Every structure is written in structure tokens, then in C-alpha cells.
Amino acid sequence: MEDTLLSALRLAPLSEFLTGAPAPRAFEAAVREAQRPSEVLSAMVGLCASVVGAHPEIRDRQLKHRFHATPPEQPQHWSDWQRVADLFLWLCEPPAAVRDAIAAERALPPAGRRAAEQADAGALASLLDLVHDVWEHLLHPYTPVFDAVIKTLLLRHRPRVVVDYGAGAGYFTFYLASLGCRVHAVELNPVKQEFLRFSRGRRGMEDRVALSPPGAPCDCALAINLFDHLADASQILPDIAASLAPSGLLFYQAAFPADGYHTSDKEVIDRVFTGLHTLFESIYASPVQHFGFEVMRKRAAAAALPEGPSGVVLVPAPELLAGDRSALRPRLHETVTIEPMEDGEDCVLLHSPLFYLRSFVAPSAVLDLVRLCDGEHTVAEITAHMEELGADAESVWKFLLRLWQRRFLGMKR
């Protein structure tokens, strides 16, 4: 294995092609002095990042922050070594199409190069994304834990045919293929397509991994870290649903953080939420903070309104607001966490890891109200209880409506 690792020093030709300087020789010492596989992986990914990131057009992508070495405590497995070896061997001798794309990008005027990088559409940006993808699944402090949850649920449902939308470097694609699944890896980025093709060949998985959309309905679709990287993911949700067999499953993870790198437009978030909950029904939502993961089942027919489990209406529907609202039964979303504010104020913070539930602060006095939102008590019963505590009926309804508008609860007819 050491020979395979040290062969990564052949990265020098690529380094010179990109930057005019050879690859750092410190990598060899890092490999020889490493005591754990994770240390070697960290050195390898760090070297790859330094070579690709040395190009002047992508120096501003916060490499030191995004690629800090944080080897996990858990041991790496053979598949982890193989994934990094795939990346390095591919970068040592990149396909002609990738070299041509890099050359064409370098020939652009400065404004054109900057535009490509800002849109993450350039070949160099794509190389960096590949490095980040491999690094994140191996050395990020949280992602391996999240991946373990997703894998556990995949094993529980045991899909046979899967479509992996936004496959990236193929982390879940090749994991599922190793279990015997037939996987369709759908990746639009041409540089990442080339890497997937290379990895598929090295692993001998041509018969199990297709680099094209499925021609027949699948058991399961993955959209891990995809929706918040698209301009408007709601536009592809009907296609995802169409690619699934009846009762097929969608595994998605998305956060939509307002960090300037991901999509965070509120109207887009609303459309994605609506599309998900009219075309699919949630069967599992992780309560783990910063995860934003949900498993959903394809509906037999699209719902007229976004719905949760047991027919809970997730948005204030005009027909429900116009009817007898006292008979409605509020149900708090199962992922909502309520915590006291740290600054000592008599307030609580309501939050959830799901992208469509945005945190907000409320007076501590509402805790009694929130605890009754279990899908069993009616609005009339909750109001009567809160009136005994000194609240007025109109204030109770306004707060319930506020929770409903923020999707922290739904209403059962």
C-alpha cells in the first residue's frame, strides 16, 4: 500500500501544468512518519488541495479553512484508502478532456476565469470540489457520523436499484454498488463524470454502476447535499419522483445555509419544501442538529397541499382557516427542539435541523401550549387550558398560527 501512496508523488506533472512548480516533497515525509491511516489520508488530501488550490484563480476559496486536517478517532477501512488512491492516481494522469478543459480555462481573459470560478463551473473549481468531497467524507469532524446514519437506513431498507443524483466523487454510489445494488450515478459536471468513470473502472464495477439516468423506475433515489447547490431544486423534484417506482424512497440531505456558497433564497426554500411534501411523505427525519436529513416515500398521487404524517396539513390552508378552527388538532414537528436562551432572558429557542424549519425565539410561557400540540388535543382544548393560566383565546390562536406558518407544527382536521 505504501507504494500506492507514494506513487501520488507523480502529482508533480499536474502541479507543474497548473502552477509551474513541482508538488511539495514534504508529502513523502508525512507518509513515512504517519502512525495511523487517518494521518496519511490527511496528508494526501492536504497535498492534493495545495496543488489544485495553488492556482491563482482559486486561491481565495478558503483552502486552509475548508481542508484543515482533523483525523477522526474511528479507524479507516480499505474503502477509505481506495477512495483517496483513486483520487490521486486520477490526478496524476488526468484524462485528456480534463487537461483540455483546464488549458481552455487558463486561456480565458481574467474576467472569464473569475466568472467560471464564481459559478463553480470551471474545471479547476471542479477539481477542488472533488478533493473536498473525498476529504469531507473521511476527515470532516461531523460528516462521517452523518454518513453512518444514512448507511444504516439504507441497509434497513435494502434497495436493489438506486439513482444517485449529484453523485460527486461517488461516495454513496460505490458503497451501494459494493452491497450488490445496481446504481445509476447522475452527475452533470463533466470533470466529476470523468472521475466517476475512472473509479468505476478501477473497482471493476462497470456491471453495477451506470453513469446515466435510469431507464426504468428505481427503488430508491439519493439527493445528498444536492438541493442547496442548485439554483432552484424544486424544478427537478417531479423528475426525481418520476424515476421512482410506486412507494419508492427518497433520501435527501440539505441545509440551505446563508453562507454565500449555497442557495438560501427563501422563495426557493418554500418551493422545495412544497414540492417535497406534495410529491412525497416523510417516514423519517433525523433530529441531529446540522444534519438536515430526511427519508421520504413517493405518494401514490400528488397531494393538493404539503402534508406530513397522518394527514397533517403543514401550511395554513385557506379552507382550514375559514372553517371551524377550534376543532383542528395541532401537531408539533417531531424534530423540533426547545431550549432556554443562554443570556438568561425568560425566553426559549425553537429550532430544528430540517432546512424548512427556521429557528425563532418565544416567551417561556408558551411551553405549556407547545406541549399540548401532540395531534390529540384540539385548538379549543388547548385554548381552554391556556385561559386557565391567564392567556386570552386570541393570543393563543395567534401563536399557534405563527408556529403553523413557520412549519413547526401542522394541523390535523
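This is a predicted model: local features need pLDDT of at least 70, side-chain atom pairs count only at pLDDT 80 or more; totals for chains, interfaces and linings use all residues.
Reader: What makes Asp-270 partly exposed?

Author: Its relative accessible area is 22%. Buried means under 20%, and exposed means over 50%. Asp-270 falls in between, so it is partly exposed.

Reader: Where does Asp-270 lie?

Author: In helix α14, residues 266–279.

Reader: Why is the link between Asp-270 and Arg-407 called a polar contact?

Author: The side chains of Asp-270 and Arg-407 are joined at 2.6 Å. The cut-off for a pair of N or O atoms is 3.5 Å, so the pair qualifies on distance.

Reader: How far apart are Asp-270 and Phe-355, in sequence and in space?

Author: They are 85 residues apart in sequence. C-alpha to C-alpha, the separation is 9.9 Å.

Reader: Are Cys-220 and Cys-373 buried or exposed?

Author: Cys-220 has 1% relative accessibility and counts as buried. Cys-373, at 5%, counts as buried too. Both values are under 20%, which means both residues meet the definition.

Reader: What makes the edge strands of the seven-stranded sheet edges?

Author: The sheet is open, with the order β3-β2-β1-β4-β5-β7-β6 and mixed pairing. Strands β3 (209–210) and β6 (280–285) each pair on one side only. That makes them the edge strands.

Reader: How do you know that β6 and β7 pair?

Author: They share five bridges, in the antiparallel sense. Pairing takes at least two bridges, so β6 and β7 pair. Within β7, Lys-298 stands opposite Phe-280.

Reader: What does α14 touch on the sheet?

Author: It packs on the sheet and touches β5 (244–253), β6 and β7. The direction of α14 makes about 45 degrees with that of β7.

Reader: Which residues touch the most other members of the largest nonpolar core?

Author: That core has 60 residues. Phe-227, Tyr-252, Val-272, Leu-276, Phe-355, Leu-400 and Trp-404 touch the most other members. Helix α18 (residues 393–405) gives the largest share of this core, seven residues. A second, separate core has 26 residues, including Leu-176, Ala-177, Cys-181 and Phe-293.

Reader: What does Tyr-252 touch?

Author: Beyond four places in sequence, its contacts include Phe-227, Leu-276, Phe-293 and Phe-355.

Reader: What share of the whole protein is buried?

Author: Buried residues make up 52% of the 413 residues. The protein has 18 helices and 12 strands. Of the contacts with a separation of 6 or more, 69% join residues 24 or more positions apart.

Key
Residues are numbered from 1 along each chain as its sequence is written. Side-chain values use heavy atoms; hydrogens and water are left out. Helices (H or I, at least four residues) and strands (E, at least two) are DSSP runs, numbered from the N terminus. Buried means under 20% relative accessible area, exposed over 50%, partly exposed in between (1.4 Å probe, protein chains only). A polar contact is a pair of N or O atoms within 3.5 Å; within protein, one must be able to donate a hydrogen and the other to accept it, and residues adjacent in sequence count only if both atoms are side-chain atoms. A nonpolar core is a set of buried Ala, Val, Leu, Ile, Met, Phe, Trp, Tyr and Cys residues joined through side-chain atoms within 4.5 Å. Contact means heavy atoms within 4.5 Å. Axes are lines fitted to C-alpha atoms, for helices over the stretch in contact, and angles run from 0 to 180 degrees between N-to-C directions.
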